[in-house]
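Please look through the structure below slowly, with the sequence beside it, and follow the paragraphs one region at a time.

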Amino acid sequence: MKVICTKDYQDMSRKAANIISAQVIMKPNAVLGLATGSTPLGIYDQLIDWYHKDDISFRYVTTVNLDEYRGLARTHEQSYWYFMHAHFFNHIDIDPSHVYLPNGNARDPEKECLAYDEIVRSLGGIDLQLLGIGLDGHIGFNEPGVAFELGTHLVDLDQSTIEANKRFFNDDASLVPKQAFTMGIRMIMQARKVVLVANGKAKAEILRKAFWGPVTPEVPASILQMHPDFTLIADKEALSLCPQCL
Ligand code: F6R
């Protein structure tokens, strides 16, 4: 595990964008595993900026997103499909047919999960997986207690995740979908490179538990300690409880 301590959110975003950019320059047809949430927004802004400056092209890139709420239409502003297009895909030269997210409206969830695993397999796996981390240690929507060996699956969201995400639903927890499709830990661990970003004091305790505590399904992100090419990029505040960064 490699830890990069940054001075602030902007610095974190720029450093993570640098790593993604290097991946795409080295392998223009890279498969990028992407995340939603507030943390990666600065990374997407930076990559869009470099795209406009002609420093990077996504023309041959394929993306596979980590997760999607169950039951929201793609056109719903809080669907992850909408989020990724609004914040990233609509602003770059990616081929729309190279963009994958789980279909939150799939009639047969089990079939959808198998199909999503098959998409990633047929693409040859993920070159670089970008992750955020939830306050309970979730990655994707792999909540505490998850089996590390699971593939893509449908999850019941933890109450703490529903509470954390209600800010995107007019602060009304009842509007937050109760289930989501998520890539499993198995696929995340099979990515050739994993980068997790975190910022702010609120993430300090979970970073300490996840990356300086025992590896346990109770803290799903802790499994990343076992990944051969895992980089944690976090600002000083998020790393304030972590021994290496004192
Ligand atoms: C989103 C995702 C989630 C978020 C996590 C942190 O695709 O996979 O695991 O990364 O909930 O969210 P933020 O960045 O909003 O703190």
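The largest nonpolar core has 40 residues, and those with the most contacts inside it are Leu 47, Phe 58, Tyr 69 and Phe 88. A nonpolar core is here a set of buried Ala, Val, Leu, Ile, Met, Phe, Trp, Tyr and Cys residues joined through side-chain atoms within 4.5 Å, where buried means under 20% relative accessible area, exposed means over 50%, and partly exposed lies in between, with a 1.4 Å probe and protein chains only. The elements that give two or more residues to this core are α1 (9-26), β2 (31-34), α2 (41-52), α3 (80-87), β6 (128-131) and β9 (193-198). A second, separate core of 35 residues includes Leu 66, Val 194, Phe 211 and Ile 223. In soluble globular proteins, nonpolar side chains tend to be buried together.

Before going further, keep in mind that this is a predicted model, in which local features need pLDDT of at least 70 and side-chain atom pairs count only at pLDDT 80 or more, while totals for chains, interfaces and linings use all residues. Residues are numbered from 1 along each chain as its sequence is written, and side-chain values use heavy atoms, with hydrogens and water left out.

Leaving aside residues up to four places away in sequence, Phe 88 touches Leu 34, Tyr 44, Leu 47, Ile 48, Phe 58 and Phe 83, a contact being heavy atoms within 4.5 Å.

Next, consider how the helices pack. Two packed helices are described by the angle between their axes and the distance between the axes. The axes of α1 and α2 come within 8 Å and cross at roughly 55 degrees; such axes are lines fitted to C-alpha atoms, for helices over the stretch in contact, and the angles run from 0 to 180 degrees between N-to-C directions. The two helices α1 and α2 are therefore oblique to each other, given that angles under 35 degrees count as roughly parallel, over 145 as roughly antiparallel, 65 to 115 as roughly perpendicular and the rest as oblique. On the α1 side the contact is made by Tyr 9, Ser 13, Arg 14, Ala 16, Ala 17, Asn 18, Ile 20 and Ser 21, and on the α2 side by Leu 41, Gly 42, Ile 43, Gln 46, Leu 47 and Trp 50. Sorted by class, this contact of α1 with α2 has eight nonpolar, five polar and one charged residues, where Ala, Val, Leu, Ile, Met, Phe, Trp, Tyr, Cys and Pro count as nonpolar, Asp, Glu, Lys and Arg as charged, and the others, Gly among them, as polar.

How do the axes of α2 and α3 cross, and what do they come within? They come within 10 Å and cross at roughly 40 degrees, and α2 and α3 are therefore oblique to each other. Here Leu 41, Tyr 44 and Ile 48 in α2 meet Phe 83, Met 84 and His 87 in α3, so that by class the contact of α2 with α3 has five nonpolar, one polar and no charged residues.

Some single residues also deserve attention. Glu 68, found in strand β4 (residues 67-69), counts as buried at 2% relative accessibility. Not counting residues up to four places away in sequence, Glu 68 touches Ser 79, Tyr 80, Trp 81, Leu 101, Pro 102, Gly 104, Ala 180 and Phe 181.

Gly 151 has its place in the loop between β6 and β7 (153-156), and at 11% relative accessibility Gly 151 counts as buried. Apart from residues up to four places away in sequence, Gly 151 touches Asp 117, Thr 182, Met 183, Gly 184 and Arg 186.

Finally, turn to the loop between α2 and β3 (62-65), where Asp 54 is found. Asp 54 has a positive phi of about 70 degrees although it is not a glycine, and Asp 54 is exposed, with a relative accessible area of 72%.

Definitions and conventions
Helices (H or I, at least four residues) and strands (E, at least two) are DSSP runs, numbered from the N terminus.
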